[in-house]
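Keep the sequence and the 3D view open as you read.

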Amino acid sequence: MTRDGNADRGRMRTTGDPARAVTSTAGGRGAAPNDPADGNDDATSASLFSPRRLWSSLRRDVGGLTGLSIVLAVIAAAVFAPWIAPYGPTEGDFMSARLPPAWMDGGSSAHLLGTDQLGQDVFSRIVYGARVSLLVGGLGALMAVSIGVTFGLLAGYFGGWFDSLVTGLTNLLLSIPYLVLVIVVATVLGRSLTNVILLFGITGSPLFVRVARGEVLRLKRLAYVEAAVGLGASAGRIIPIHLLPNLVGPLVTLATFEVSAMIFYESGLGFLGLSVPPDVPSWGNMLALGRQFLTIYPWLAIFPGVAIAITALGINLFGDWLRDAIDPRASERE
Amino acid sequence: MFRYVIRRLLESVLLMLGVLVLVFFLVRLTGDPVSLIVPMDAPTEQREAFRELMGLNAPLPVQFWEYMSRAVQGDFGNSLRRRGEANLGIILERLPATIQLALAALAFAVLVAVPLGLAGGMRPGSAVDRLARAVGLAGQTVPSFWLGMLLIVLFAVTLRWLPSFGRDGFASIILPAVALGFAGMGQLVRLTRSAVLDVRRADYVRTAHAKGMRALRVSLLHVLPNVAIPIVSVLGVQFTYLLGGSVYIEVVFAWPGLGSLLENAIRDADFPLVQAITIFISLFAISIHLLTDLAYGLLDPRLRRA
């Protein structure tokens with residue numbers, strides 16, 4: 001599920017999502033996921049999120065396993081870049097500039113995927129570029145979820161003017177076509193890694209506000225929350241103990257897909273020259289360069305895009321499995 | 001129905017006003033617009049003269065009032081470059097190219113996705129279904145602007161079948177429309193397929209099969225009309241998404257629309273034009289949402305009461 005699907009404003013709020021209803025009730029009556037005292041050893045009563053249940057489901061899912069392997073490989077590339085990449089990311093050598101990939105005529109085995117106009121090794125830059133993409137995707141999504149859940153929870157729980165304000169702002173931000181909003185905000189913020197993460201964290205949050213708020217509105221009417229209110233539990237108790245754990249299911253899947261969406265958007269910004277500074281090796285910056293030399297040195301544009309596509313494939317395969325694993329209704333349909 | 005229309009109209013007007021306010025403060029909260037436009041080393045007198053010219057030395061509430069009262073009259077200011085032409089005129093001149101591209105992309109997405117999703121959903125697990133799932137996944141994993149560059153390398157540079165840039169006749173719209181519509185196509189395949197999976201178990205579909213109706217007729221007469229509603233309902237959202245995505249595609253293919261205009265305006269630091277384009281695209285998107293919601297309300301009476 002990508003952003004375009006979720007921008008289907010209003011409808012989600014008024015009708016609710018039946019798929020989510022199943023997830024959350026199965027998520028346990030306020031039992032915290034992964035609670036060690038929750039008796040994880042009993043498979044039938046185990047939490048939806050017990051590592052054992054998830055692992056046994058993942059083992060049987062080829063797509064999910066493939067996705068997880070890809071994601072782990074990309075993370076490893078980012079973390080261990082200096083040991084994997086044969087050259088430094090900005091290490092240029094004019095003597096070996098504009099080399100095609102090794103298997104093409106004129107290619108050199110010293111540069112597997114060729115070199116750019118400064119003689120920088122394309123493969124090495126792609127390996128280092130994984131850092132920017134993962135940082136932006138991971139931290140951006142984390143920030144979007146944190147902001148979104150905080151405001152969505154409070155707005156849904158307390159209602160009143162605060163709810164109107166949050167809902168209004170959310171609808172407003174979602175009414176501007178996302179890619180345009182991102183471009184304009186990036187233009188005013190300027191090029192730095194922190195700014196790009198902030199940009200996606202903030203502009204990505206309305207989606208999570210909407211989902212979290214809708215979920216809280218639904219949960220509030222369930223008997224166990226009403227009972228807690230009736231027993232005199234304070235908001236400080238109900239929100240973290242009864243509401244927050246039940247948001248994990250719907251939000252975790254959405255956040256997974258959001259990581260891949262943000263990696264896309266970051267590369268798009270880089271392509272337009274609006275993301276991290278030009279000297280930072282990032283897939284988007286490499287694509288911007290590739291576009292300039294598209295008709296003469298097409299490999300400069302092709303390989304960074306392959307890296308993005310493989311990463312997005314991994315995250316989406318993993319996300320598809322995750323959704324099926326924690327959303328019983330979705331897996332039934334397959 | 002009447003109250004529903006009025007409510008949606010009011011909501012849309014409020015959202016439009018909100019966009020005007022948001023864009024105004026977005027541009028101003030992040031710093032002095034003068035320093036964005038005038039070179040850093042310009043003498044102070046020049047900076048002040050420019051500030052005066054742009055009306056930027058008036059108090060913020062006054063500036064805001066000026067800006068809002070002009071905007072509601074359809075005056076979105078003048079470009080800094082382009083000999084100070086009115087922004088609205090520049091935008092309207094570029095708009096048809098963008099709409100044309102977005103419609104072509106939407107048509108491509110629907111024409112491929114709906115038959116494929118229908119065929120796949122009717123026979124889960126079959127070869128067609130696996131193709132449908134693969135296309136659905138590909139739509140989510142291939143960045144549109146990268147696909148655009150690949151298409152250029154393949155069809156324009158290597159095979160020389162189609163032009164690689166510009167807007168000149170039918171041949172020139174094929175590559176950009178495919179690149180722009182690809183992601184939406186993936187999403188529509190997934191949506192169609194899962195809607196068909198739900199519908200194919202319905203009693204009336206089983207009855208149609210049982211009375212010996214050919215599979216193709218069942219798909220077209222009984223399944224397709226029932227999956228049309230969710231599909232139609234996302235088309236409006238899709239269209240506005242395509243408007244945003246067209247920025248990248250127009251840059252790749254040098255397509256003379258709003259997207260490449262926005263990119264140029266950013267490159268030129270033409271901030272009134274950037275502001276005007278953002279506002280215009282947002283207002284356009286809000287209007288399209290309003291229209292699809294109203295059309296949808298006409299088609300499905302249950303929504304009006306919601």
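In chain A, the buried residues of helix 10 pack against helix 7 (122-158), helix 8 (160-175), helix 9 (178-189), helix 11 (205-220) and helix 13 (235-271). Those buried residues are A:V196, A:I197, A:L199, A:F200, A:G201 and A:T203, and helix 10 of chain A itself covers residues 193-203. Buried means that 20 or more other C-beta atoms lie within 10 Å of a residue's own; 12 or fewer means exposed, anything in between partly exposed, with C-beta atoms placed from the backbone. Helices (H or I, at least four residues) are DSSP runs numbered from the N terminus.

The model is predicted: local features need pLDDT of at least 70, side-chain atom pairs count only at pLDDT 80 or more, and totals for chains, interfaces and linings use all residues. Residues are numbered from 1 along each chain as its sequence is written, and chains are lettered from A in the order in which they are written.

**Core.** The largest nonpolar core has 163 residues, and A:V182, A:I183, A:L251 and B:I277 touch the most other members. Helix 15 (residues 299-326) of chain A supplies the largest share of this core, 16 residues. Such a core is a set of buried Ala, Val, Leu, Ile, Met, Phe, Trp, Tyr and Cys residues joined through C-beta atoms within 7 Å.

Helix 15 of chain A also holds A:G314. A:G314 counts as buried because it has 22 C-beta neighbours inside 10 Å. The table gives the contacts of two residues. Contact means C-beta atoms, placed from the backbone, within 7 Å.

| Residue | Touches, not counting residues up to four places away in sequence |
|---|---|
| A:L251 | A:V145, A:V149, A:F208, A:V211, A:A212 |
| A:G314 | A:G67, A:I70, A:V71, A:V74 |

**Between the chains.** The contact takes 45 residues from chain B and 40 residues from chain A. On the side of chain B that touches chain A, helix 10 of chain B gives the most, with 12 residues. By class, that side of chain B has 31 nonpolar, 13 polar and one charged residues. Ala, Val, Leu, Ile, Met, Phe, Trp, Tyr, Cys and Pro count as nonpolar, Asp, Glu, Lys and Arg as charged, and the others, Gly among them, as polar.

**Within chain B.** Helix 11 of chain B is mostly covered, with seven of its 10 residues buried. Among them are B:L258, B:L262 and B:I266. After helix 11 of chain B comes B:A269, whose phi is positive, near 55°.

Conventions
Contact = placed C-beta atoms within 7 Å. Helix = DSSP H or I, 4+ residues; strand = E, 2+ residues; numbered from the N terminus.
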